[in-house]
Amino acid sequence: MPNDYYHQSVLAKEVLQYLEPKKNQDFIDCTLGGGGHTSLILEQTKPHGRVLAFERDQTAIQASKKKLNQDLNRLFIVNSSYTDLKTVWPKYEKKMPNLQGILLDLGLSSDQLDKANRGFSFKDQGPLDMRFDDQQQTLTASDIILEWPEDKLNKIFWEYGEEKKARALTKGIIKNRSSWTKQKQKFITTAMFVSVILQILKIKETSLARFRVHPATKVFQALRIAVNDELNNVASILPIALEILPAGGRLAVISFHSLEDRIVKNYFKSLLKTCTCPKSAPVCTCESIARAKILTTKGVRPSAGEVKNNYRSRSATLRVIEKL
Ligand SMILES: C[S@@+](CC[C@H](N)C(=O)[O-])C[C@H]1O[C@@H](n2cnc3c(N)ncnc32)[C@H](O)[C@@H]1O
């Protein structure tokens, strides 16, 4: 595996097409990752356009600094959650007078997924960790499995994983964890957890090849969402981004599963509300004025060529609005 960050930016051409970055315009990239989208934006906004970028993961920040070495004078990197945008923005507002767009490329990077020690993948042997921020926050996926009560576990498997067998899995995990706690196990590994899931579902390791999707996929997704509070983060950043954008500015969001996409889609729709005052009213008093226009009615999906080239892009959906 190469040492350098190798994540391939998803829907890159489409992001540029909708954000339309131009000479000297400024942008906010809420999820810098390896800096793929940011590098394209910096290229289009030369010579003075700036990007303010958020990233929780120090490893990703180091990789993007290396990649964007030539343009570091035009890039402000903040090592915290994009949910801090509202408090951080006043410090940069004056340095970025031409804010034109905000990008959110949700989820995790291929590099995070593939590194066994980050604990995101059921294919590797590593600690069941899943923190986006390189182990700065305290809560890990292992803590959730070892400590959370049954109803809370069931809820995340059911709601965040949309796992039909949530109850059976929860019951089986609770039964197993008493033996883990008896052995004073401080954390569990991805392999330990996967083997318990397979045991509960009565699936032999040797028969895994007949499953198109690994049976642990949904539970892993649920844990990752819970550890990083992903859905609440998405729901809270959207109105902040809209507030910060000037009229005519664009907000682009790439999501990778239906739970995130639903939050984005519903929020964007809520901005279209038109006046509900009676026709006879001389002036509008309901204040339901449309606040944005949707530029991507259906959500933009990657082309067959992109999916062939980068399989991870297959579940991506891009939605974009323009502030009115
Ligand atoms: C899909 S990757 C972004 C890839 C990037 N657009 C590129 O082209 O290289 C998503 C990144 O968002 C980061 N991330 C996730 N949640 C975050 C949050 N709340 N605040 C800041 N960064 C976050 C992850 O650590 C990950 O590096």
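Modeller: A polar contact is a pair of N or O atoms within 3.5 Å; within protein, one atom must be able to donate a hydrogen and the other to accept it, and residues adjacent in sequence count only if both atoms are side-chain atoms. The model shown is predicted, so local features need pLDDT of at least 70 and side-chain atom pairs count only at pLDDT 80 or more, while totals for chains, interfaces and linings use all residues. Residues are numbered from 1 along each chain as its sequence is written, and side-chain values use heavy atoms, with hydrogens and water left out.

Colleague: How many residues surround the ligand, and which are the closest?

Modeller: A residue is counted here if one of its heavy atoms lies within 4 Å of the molecule. For this ligand there are 24 such residues, and Ser9, His37, Glu55, Asp105 and Gln112 are the closest. By class, the shell holds 14 polar, six nonpolar and four charged residues; Asp, Glu, Lys and Arg count as charged, Ala, Val, Leu, Ile, Met, Phe, Trp, Tyr, Cys and Pro as nonpolar, and the others, Gly among them, as polar.

Colleague: Is Arg250 buried or exposed?

Modeller: Buried means under 20% relative accessible area, exposed over 50%, and partly exposed in between (1.4 Å probe, protein chains only). Arg250 counts as buried because its relative accessibility is 13%. Arg250 lies in strand S5 (residues 250–255), and its side chain reaches the backbone oxygen of Tyr18 at 2.7 Å. Helices (H or I, at least four residues) and strands (E, at least two) are DSSP runs, numbered from the N terminus.

Colleague: Where are Asn176 and Lys279 found?

Modeller: Asn176 belongs to helix H8 (residues 166–182) and is buried because its relative accessible area is 18%. Lys279 is in the loop between helix H12 (258–270) and strand S6 (292–294); at 88% relative accessibility, Lys279 therefore counts as exposed. From C-alpha to C-alpha, Lys279 and Leu113 are 55 Å apart in space, and 166 residues separate them in sequence. Asn176 and Ser110 are 66 residues apart in sequence and 31 Å apart in space, again C-alpha to C-alpha.
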